[in-house]
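Please look over the sequence and the model shown here before reading on.

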Amino acid sequence: MTPSTALLTDRYELTMLQAALADGTAHRRCIFEVFTRRLPHGRRYGVLAGTGRVLEALADFRFGEAELAWLEHERVVDGPTLAWLASYRFTGDIVGYAEGEAFFPLSPVMVVEGTFAEAVLLETLVLSILNYDSAVASAASRMTSAAVDRPVLEMGARRAHEDAAVAAARAAIIGGFVGTSNLEAGRYGLPTIGTAAHAFTLLHDDEVSAFASQVAQAGVGTTLLVDTYDVKKGVQHALEIAGPGLGAVRLDSGDLAVQAQEVRAQLDAAGAHATKIVVTSDLDEYAIAALAVAPVDSYGVGTSLVTGSGAPTCGMVYKLVSRERADGTMQPVAKVSQSKASVGGLKAAARRLGPDGRATEEVLVTGPEPTVRAWRERRWTEPDEALRPLHVPLVTAGVADERWIGAAGVATAAARHHASREELPRGARRLSSDEAALPTVTLPLVRLRPAGRPAGGGADAGRHAPPPAVATRGCVWPAP
């Protein structure tokens, strides 16, 4: 039986629920947005990851007998609230950026619509997943960008909580990594990698016998770890056992740039021109960039990756932006606290592209539509070719879109990230500190002529014409 995710939440979400059930506001329609007010210091873009995991966790967000009994014993909520929780199911709609998409300050990366009671309970679950996974994917993207065309491998399981290690491996693949050492992560369909550690060499009476044992089991295409004792002798022993067809050698200590040069020369002199050099040892994006001119073929990264390389969270928040009035109409709401203000109202999101196909700004579109589904069902003529819509359906009437879940979802997210990163402005991938690569602007939906309405003349012409001052900035929101 799959464990429930319902208690992966904060107490105040349940106490708010109890009060709202008691005063009759719990069933008001509400819209929450997930966004970050700012990127981590110096970062130019973020990478959304964890969307598929949110959908998987949502399916298991159920209050069973064990969860209800514990809540009752701890007197977290009262009897009527426990009775309501017993039949909890999220029946609302969720849209968001496709997993793997680049994001910027105020980007509404996930939009949750449902009753207050249904939606408020998801805050901590959503944020705990998206904040961590996106931090790892953002770090991974910087590392793979620094590596250019050289493969980067994830090896961070020993530096993270056991469950976080799996999430980190998944996020790393989305950020461009090509394999993981973690076998549980492999069940997501991720390629798994790994051969031997120093302990295997130390187990044997000498390095030669250790290498001979490994090659006998794995073949000459394996990777031999050559720095347990002396690197030069290690390479010599590796070639004696495997010959010039040896797959690769791994360096895990010392001055990697210098050692890589020396090892490449030694391999080439022995005719092992195809033998690759893999480097590990506490690498991050800066170390990878510093090795750009070294004869390195691939990188293994652990600690820096699973900790977000100095930015372990993205600072995402889950804020109410629209709620149902007592008369049934929707009203934009916003927080105005100093340094923590939000922008009220439901927003669609698009990315404006320049003539060269590169992004120039993040566009948040406000309009008359009161619900997420209404945005998705709107169809417009004269689409603005320079705007690429960013929101995709994730959950409709409580049913998750299977495209974003499991191994297929990871592959889709990795492809989306590759395309999204290629779309960023030149310079966005530099590692030096700077502002966000794209500005975020909020604009009204100004082209209000629905499909099929005459383009000019008639009584409706003036009503649907965009105001001259914003005509060139108008957004058309096509149906998905």
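Two residues are said to be in contact when heavy atoms of theirs lie within 4.5 Å. This is a predicted model, in which local features need pLDDT of at least 70 and side-chain atom pairs count only at pLDDT 80 or more, while totals for chains, interfaces and linings use all residues. Residues are numbered from 1 along each chain as its sequence is written, and side-chain values use heavy atoms, with hydrogens and water left out.

Leaving aside neighbours within four places in sequence, Tyr299 is in contact with several residues, among them Ala147, Arg150, Pro151, Val279 and Leu291. Tyr299 also belongs to the largest nonpolar core, which has 61 residues, and there Phe177, Val226, Val279 and Tyr299 touch the most other members. Such a core is a set of buried Ala, Val, Leu, Ile, Met, Phe, Trp, Tyr and Cys residues joined through side-chain atoms within 4.5 Å, where buried means under 20% relative accessible area, exposed over 50% and partly exposed in between (1.4 Å probe, protein chains only). A second, separate core of 55 residues includes Ala20, Leu48, Leu68 and Leu71.

The structure also holds six aromatic pairs, meaning that ring centres of Phe, Tyr or Trp (its six-membered ring) lie within 6.5 Å, with planes under 30 degrees apart counted as stacked, over 60 as edge-to-face and the rest as tilted.

| Residue | Relative accessible area |
|---|---|
| Phe61 | 0%, buried |
| Phe63 | 5%, buried |
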